[in-house]
Amino acid sequence: MLMKKNHVEVWDSCLKIIKDNIHYQSFKTWFEPIIPLKIENSVLTIQVPSQFFYEWLEEHYIGLLKKTITKELGPEGRLEYSIIMDNTANSKTPYSIKVPTSNKKDTKNPMVNMPIDLNTDKSRDIPNPFVIPGLKKIKVQSQLVDTYSFDNFVEGDCNRLARSAGYAVAENPGKTSFNPLYIYSNVGLGKTHLAHAIGLQVKQNYPNHTVLYVTTEQFIAQYIESVRNNNQNDFVHFYQMIDVLIVDDIQFLAGKEKTQDVFFSIFNFLHQKSKQIIITSDKPPVEMKGLEPRLLSRFKWGLAADLQMPDLETRIAILQKRIYNDGIDIPYEVLEYLAYSITNNVRELEGALISIMAQSSLNKKAITLDLARSMIDKFVKSTTREISIDYIQKVVCDYFNLPVDIINSKTRKREIVQARQLAMYFSKKHTKSSLATIGLHCGNKDHATVLHACRTINNLVETDKQFRIYVEELDKKIKI
Ligand code: ADP
Ligand code: MG
């Protein structure tokens, strides 16, 4: 007897067929996120991330899906969707609703509680996600992630302006002069998180506002699909209904002229109607390349605010918040060590935290400073670790048993002056920072003081044997 395939195997086979029949990008966008849930009496249930997603599949891929399911499960085969509903404004836990795939021969409407009646538009075989039946307002899936809230976004000097502008926007969307609000930074510094936080806050303040978060890649993919299906107008109308539009990573619009045109017209429409637009990018507007000047000039209408790498204190606070939310207990010294060691971006910082937790649970070891050290060795070295001034100060102060903030104090006590000079010397040696920057971070001194420190240390190394041993030991510790 033949073994029956389980739901994962069936869906895998379906995916193979689908992959051969559509563009790779569409496959990635619309099929990779799907999770097969179960198979029962020839009904395959798949989980899709949102209502919008489901509608898109039904609109664009129903033919292909039906053929594929029939091929895999025979003529009896059917597909049912489990949709994760957007309920960010109401409660914490997501819930799913089940929807069978549409069947144009069906006269009875199989949908319960669905915002779109599949059978309203008799002229079409399949529903269009952009059309509003009877001009009722469509329920747009915001695509917002609950955990990316303001509560979870730790405030620091690095993000104060962007954060408070974002908060102001969420209080009064479209009504402040921060329109568009343009948030920019290097990767992993919290743009996406902040953008979601604003969206979530708007939904809390104004439950009836239609908020939409899209990545620029999604926007482009949707636009291309609409051209392919000759329904660009529906695409534009859909976006014109949005009250708060969040477009993440706008730099990906570079060189996409047609999509820029359509985004330009949507932008103008929304802006004229005092709808809020939030854009994120990896560069400030003046440095953006490959975008039409008229679009760039729009980006300068509102406020451009950047996010910087959080300082040490904020980095520790971010880690603390994270483990608190996850309900995990990790010794403070481990968090501090991570925050000292990882200075490129917050995503890497969180990555290191997750690796340590994984290491500890896989090897059944307690999370200790030693475990953190050995992990960071591998982790950070493999991601071209940069030694920071903060880190050097920490190593130097630990070595002499001094509290770190003493370096920044005004004291002229000999041992402290020497620790400060060593921190300057190693910062010059191991970082790319300018003398002025080093001075600023080591007790607010000027570049001449740093230069003098480097000379003094060099002299001592040459003349004082014991001192040379200190310096060599410290050098090893700094390089780990
Ligand atoms: P970007 O979009 O700039 O590349 P993300 O928003 O994806 O960065 O942030 C990367 C990770 O760092 C996310 O998990 C985010 O939650 C976290 N993160 C960044 N900044 C903060 C912050 N200030 N407080 C808490 N978490 C942060
Ligand atoms: Mg991002």
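This is a dialogue about how to read some features of a predicted model.

User: What should I know before I start?

Analyst: The model is predicted, so local features need pLDDT of at least 70 and side-chain atom pairs count only at pLDDT 80 or more, while totals for chains, interfaces and linings use all residues. Residues are numbered from 1 along each chain as its sequence is written, chains are lettered from A and ligands numbered from 1 in the order in which they are written, and side-chain values use heavy atoms, with hydrogens and water left out.

User: How many helices and strands does the protein chain have?

Analyst: Helices (H or I, at least four residues) and strands (E, at least two) are DSSP runs, numbered from the N terminus. The protein chain has 19 helices and nine strands.

User: What share of the residues of the protein chain counts as buried?

Analyst: Buried means under 20% relative accessible area, exposed over 50%, and partly exposed in between, with a 1.4 Å probe and protein chains only. Of the 480 residues in the protein chain, 50% are buried.

User: Which residues come nearest to ligand 1?

Analyst: A residue is near a molecule if one of its heavy atoms lies within 4 Å of it. There are 18 residues around ligand 1, and the nearest are Val154, Gly188, Thr192, His193 and Glu350. By type, the shell holds seven nonpolar, eight polar and three charged residues. Here Ala, Val, Leu, Ile, Met, Phe, Trp, Tyr, Cys and Pro count as nonpolar, Asp, Glu, Lys and Arg as charged, and the others, Gly among them, as polar.

User: Why does ligand 1 lie between two domains?

Analyst: Domain bounds come from an automatic or database domain assignment. Domain 2 (160–306) and domain 3 (315–386) both give residues to the shell, so ligand 1 lies between them.

User: Is Gln251 buried or exposed?

Analyst: Gln251 counts as buried because its relative accessibility is 14%. Its place is in the loop between strand S7 (244–248) and helix H9 (257–272). A polar atom of its side chain lies 3.3 Å from the backbone nitrogen of Asp282. Contact means heavy atoms within 4.5 Å; leaving aside residues up to four places away in sequence, Gln251 touches Thr280, Ser281, Asp282 and Met288.

User: What can the backbone angles show?

Analyst: Most residues other than glycine have a negative phi, and most peptide bonds are trans. Asn41, not a glycine, has a positive phi of about 45°. Asn41 is in the loop between strand S1 (35–40) and strand S2 (43–48), and counts as exposed because its relative accessible area is 75%. A cis peptide bond, with omega about 5°, joins Asn179 and Pro180.

Notes:
A polar contact is a pair of N or O atoms within 3.5 Å; within protein, one must be able to donate a hydrogen and the other to accept it, and residues adjacent in sequence count only if both atoms are side-chain atoms.
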